[in-house]
Amino acid sequence: MENFYLTTAIDYVNGAPHIGHAYEKILTDIIARHFRKRCENVFFLSGTDEHGIKIQKTSASKGITPKELCDINSGKFQDCWKDLGISYDKFIRTTDDYHKNAVQKIFNKLLEKGDIYKHSYTGLYCQGCECFLNEKDLTEDGLCPDHLTKPEEVSEENYFFKLTKYKDAIVKHIKENPDFIVPSFRANEVLNQLEDIQDISISRSSSNLQWGIPVLNDSRQVIYVWIDALSNYITGLGYDTENNSDNFRKYWPANVQVIGKDILKFHSIYWLALLMALELPLPKQILAHGWITIDETKMSKSLGNVIAPQDILKNFELQNADALRYYMATSAPCGKDGNYSDDDFKEKVNAHLANSMGNLLNRTLSMLVKYFDGEVKPEFKTDASILNTAKNTIDIVKSHFDKYEIAEAGNAIIQLVDVTNKYVTDNAPWTLAKEEKMTECGQVLTSVLDVMCVIASLIEPFCPNIAKDMAEQLSFDLSIKYDDLTIDNIKIGKLIEKENIHPVFLRMDSELADKSGKQK
Ligand code: MSP
């Protein structure tokens, strides 16, 4: 694959980022970093969704302008992604001028095409969802099932989009492309929702909503926030109805669009219809991830259990986010809900990153220094069986990533670590050294260290800092692409520097970690 384009949902900025938002950005970042090792060009887009009634109301209650609130909170999201090592290529804000202009043109194109018409309407609007709900979707008490708030009855003359015109084509696309929605078990949900789909209101009267993009030539109407938001995936590449940018030509359609399961309807129905109306190709896949809970309960402001990712880094005095990235990304199988708990976090990363992976590297390098002054001698041949296991793991990990099974890929890497630890125990290089079987001892050590190069390369998307540190200690070139990881290229440097050897990840409760108060 030459080009690979992937996106995250864009977050609402009426609050600060929490670990649910972070989960999605981490998953997407890991996919981006993995495919950078497989493709020529990767483009990763993320951003913030800044219009809508919630921002209008929150900013008013704080006595600041909507734009001021957006600037403050979008800044918080961007700072947080920096701390988590999210390596997007572009960050779009829906208040950016180029985006607003492109959205107005998109709206007009659909109007000219006859896919938009004006219609008087009375409906129940949920501010939390930023959408109209049907009576039958509400709880027995008439509340929005997601936000447990009473939707507001709205009577307006709005612009409507002919969603029903595209219904059959969407059903056909989903049925003919069973891999389009990942995981595929969610496709049925969407097909059910499609059964009673109606045309949708795609503007609001500016007497009710001012904080949005006005319809061109009709400033009494503001474009519906979801049309504005969904368009970011193409305007972020420079799409313009008249004149497309190089990036748009190069990267669209997206390879994968990563979103939470709660907004699948918008992405697999509304977004597809919009693209069909614009006569643009459809994204190849949509990955709907599950929900992150805290101690097995839903995160919510009212329960007071919302966790900010940076607070976790601070509490555990972590200098980078590798451990949190690894933990979150492996918290749930593809598409399922995951959970965060401090204790589980500590236990898992101590076991996997410190005890299994870090310790394996550290003790093997130390033995190479102890027995051979760190030198890899030409007579040390590597053991084909363990190296083949490592090479198979590269294929296994790649195939998990092809299905966006990120947790499963992480588990496969740790399995390789476990197998390699067992290889060390079974071959006991310390006994070989005692028995003065030095060539055999050297072979075991270099075989293990070669496997560690593969492990560093595979874990890099999850834990970029740890992988860099591992590669430096191994004198291994981490920039090698996965296709080039051949027996000849999987090799540690000829000489390992004693001074360079240190644990790549300290146990979070270890004395050493407590004393130094930091992770390297
Ligand atoms: N602004 C819309 C998305 C527009 S995309 C064109 C939105 N924003 S959001 O801030 O509410 O959510 C942003 C993303 O974070 C969504 O994909 C959502 O599913 C995800 N998550 C929000 N809370 C979450 C959890 N507790 N767990 C996992 N993901 C969650 O929806």
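**Strand pairing and nonpolar cores**

Phe161 stands opposite Ile200 in β9. The model is predicted. The pair belongs to a link between β7 and strand β9 (residues 200-201), which run antiparallel and are joined by two bridges. The largest nonpolar core has 111 residues.

**Around β7**
- Strand β7 covers residues 152-161 and pairs with strand β5, residues 116-126.
- The pairing of β5 and β7 is antiparallel and runs over 10 bridges.
- Thr122 has Ser155 of β7 standing opposite.

**The β10-β12-β11 sheet**
- Three strands form an open sheet in the order β10-β12-β11, with antiparallel pairing.
- β10 (203-205) and β11 (214-215) are at the edges; each has a single partner strand, so one side of each lacks a neighbour in the sheet.
- Two bridges hold the antiparallel pairing of β11 with strand β12, residues 218-223.
- Val222 in β12 is the bridge partner of Pro214.
- Strands of a sheet pair through backbone hydrogen bonds.

**Nonpolar cores**
- Within the core of 111 residues, those with the most contacts are Ile31, Leu84, Tyr340, Phe345, Met452, Phe462 and Met470.
- Helix α17 (residues 438-459) gives the most to this core, contributing 13 residues.
- Leu84 touches Ala22, Ile26, Pro309, Leu313, Ala321, Leu324 and Arg325, leaving aside residues up to four places away in sequence.
- In soluble globular proteins, nonpolar side chains tend to be buried together.

How values were computed: Residues numbered from 1 in each chain as written. Predicted model: local features only at pLDDT ≥ 70, side-chain atom pairs only at ≥ 80, totals over all residues. Heavy atoms only, no water. Pairing = 2+ DSSP bridges. Helix = DSSP H or I, 4+ residues; strand = E, 2+ residues; numbered from the N terminus. Core = buried A, V, L, I, M, F, W, Y, C linked by side-chain atoms within 4.5 Å. Buried < 20%, exposed > 50% of the residue type's maximum accessible area, 1.4 Å probe, protein only. Contact = heavy atoms within 4.5 Å.
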